[in-house]
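Thanks for coming. I will take you through one structure, a few spots at a time, and then step back to the whole.

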Amino acid sequence: MHTHHAFIAPAAERNKQPILTALAPRLPSAGVILEVASGTGQHTAFFAAHLPALTFQPTEADPARLPIISAFIAEAGVTNTLSPAHLDAAANPWPLPGPFAAAFCANMIHITPWACAQGLFANIGRLRVPLFLYGPFRFHGAFTAPSNAAFDDSLRARDPAWGVRDIDDLSALALAASLHLSEAVEMPNNNHLLVWHPTLTP
Ligand SMILES: C[S@@+](CC[C@H](N)C(=O)[O-])C[C@H]1O[C@@H](n2cnc3c(N)ncnc32)[C@H](O)[C@@H]1O
């Protein structure tokens, strides 16, 4: 019985291969990759299957999703994953032991309050690892497509604290956390993979 199939996220099915293609050459070659807001776990399960030299740590704020993540991992038959952990991205500091080699977060910061973006950058800055942030973004006040502007409107209508985030606002969080935007990789459907790296400090 694969009851977790009721929870398949269509977006994650569509974007997991393009994200893997973009991530693979940019991720560290060893270590634990922390995933924030894993959702169903489809990304962690898929990446773990294709990147056997790495270990993946899925996390979620919604405790009901933890067994779903475990089910997708079990179905993928991978062993290079750690047990899904509870994590509220807005927590400061995060209660995770680590160490981590990098962090990945897809489609979270537009659909959560700004405090989650703040928590994400503050904690990743403290961990001093690269952050791979996937989703729709605004660039210096401009949407990359009308569909993203419409999506932003629909998000704000659902919750005024949500919305497509601007890379200028994210760069301000990054600066405070000693991170900087090193790459904005164009992805299908007007999404981007933003690569943030720790800034060298004397
Ligand atoms: C649109 S889903 C994306 C899930 C997955 N990353 C993907 O791309 O399929 C947003 C996720 O953010 C999670 N979330 C909401 N609030 C959160 C928080 N404070 N900290 C971490 N995750 C949170 C939700 O439970 C949900 O799984």
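Look at the loop between β4 and α4, the helix of residues 114-127; N107 lies in that loop. This is a predicted model, so please keep that in mind throughout. N107 is not a glycine, yet its phi is positive, about 50°. Most residues other than glycine have a negative phi, and most peptide bonds are trans. With a relative accessibility of 29%, N107 counts as partly exposed.

R128 is another residue with a positive phi, near 55°, and it is not a glycine either. You will find R128 in the loop between α4 and β5. Its relative accessible area is 38%, so R128 is partly exposed.

Next, strand β5, residues 131-135. Is β5 enclosed or open? Five of its five residues are buried, so the rest of the structure largely encloses this strand. In a regular strand the side chains alternate between the two faces of the sheet. Here L131, L133 and G135 point one way, while F132 and Y134 point the other way. Strand β4, residues 102-106, pairs with β5 in the parallel sense, over four bridges. Within that pairing, C105 has L133 of β5 as its bridge partner.

Those two strands belong to an open sheet of seven, with mixed pairing and the order β3-β2-β1-β4-β5-β10-β9. At the edges stand β3 (85-86) and β9 (179-187); each has a single partner strand, so one side of each is left without a neighbour in the sheet. Elsewhere in the order, β1 (residues 31-36) and β2 (residues 54-60) are parallel and share five bridges. G31 has L54 in β2 as its bridge partner.

There is also an open sheet of three strands, ordered β7-β6-β8, again with mixed pairing. Its edges are β7 (142-143) and β8 (165-166), each with a single partner strand, so one side of each has no neighbour in the sheet. Strand β6, residues 137-139, runs antiparallel to β7, and two bridges join them. In this pairing R138 stands opposite F143 of β7.

I73 is found in helix α3, residues 66-76. Why does I73 count as buried? Its relative accessibility is 7%, and the cut-off for buried is under 20%. Leaving aside neighbours within four places in sequence, I73 is in contact with T44, A45, P58, V78 and T81.

Finally, the whole chain. It has six helices and ten strands. For 202 residues, a compact globule would have a radius of gyration near 17 Å, and the chain's 16 Å agrees with that. Buried residues make up 49% of the chain. Of the contacts between residues at least 6 apart in sequence, 74% join residues at least 24 apart. The chain exposes about 9300 Å², and carbon and sulfur atoms supply 60% of that area. As for charge, there are 10 positive and 14 negative side chains, and the centres of the two sets lie 2 Å apart.

Definitions and conventions:
Residues are numbered from 1 along each chain as its sequence is written. This is a predicted model: local features need pLDDT of at least 70, side-chain atom pairs count only at pLDDT 80 or more; totals for chains, interfaces and linings use all residues. Side-chain values use heavy atoms; hydrogens and water are left out. The radius of gyration is taken over C-alpha atoms; the globule rule is 2.2 Å times the number of residues to the power 0.38. Buried means under 20% relative accessible area, exposed over 50%, partly exposed in between (1.4 Å probe, protein chains only). Contact means heavy atoms within 4.5 Å. Accessible areas come from the Shrake-Rupley method with a 1.4 Å probe; for residues, only the protein chains shown count as cover. Lys and Arg count as positive and Asp and Glu as negative; His and the chain ends are not counted. The place of a charge is taken as NZ of Lys, CZ of Arg, CG of Asp or CD of Glu. Two strands pair if DSSP finds at least two bridges between them.
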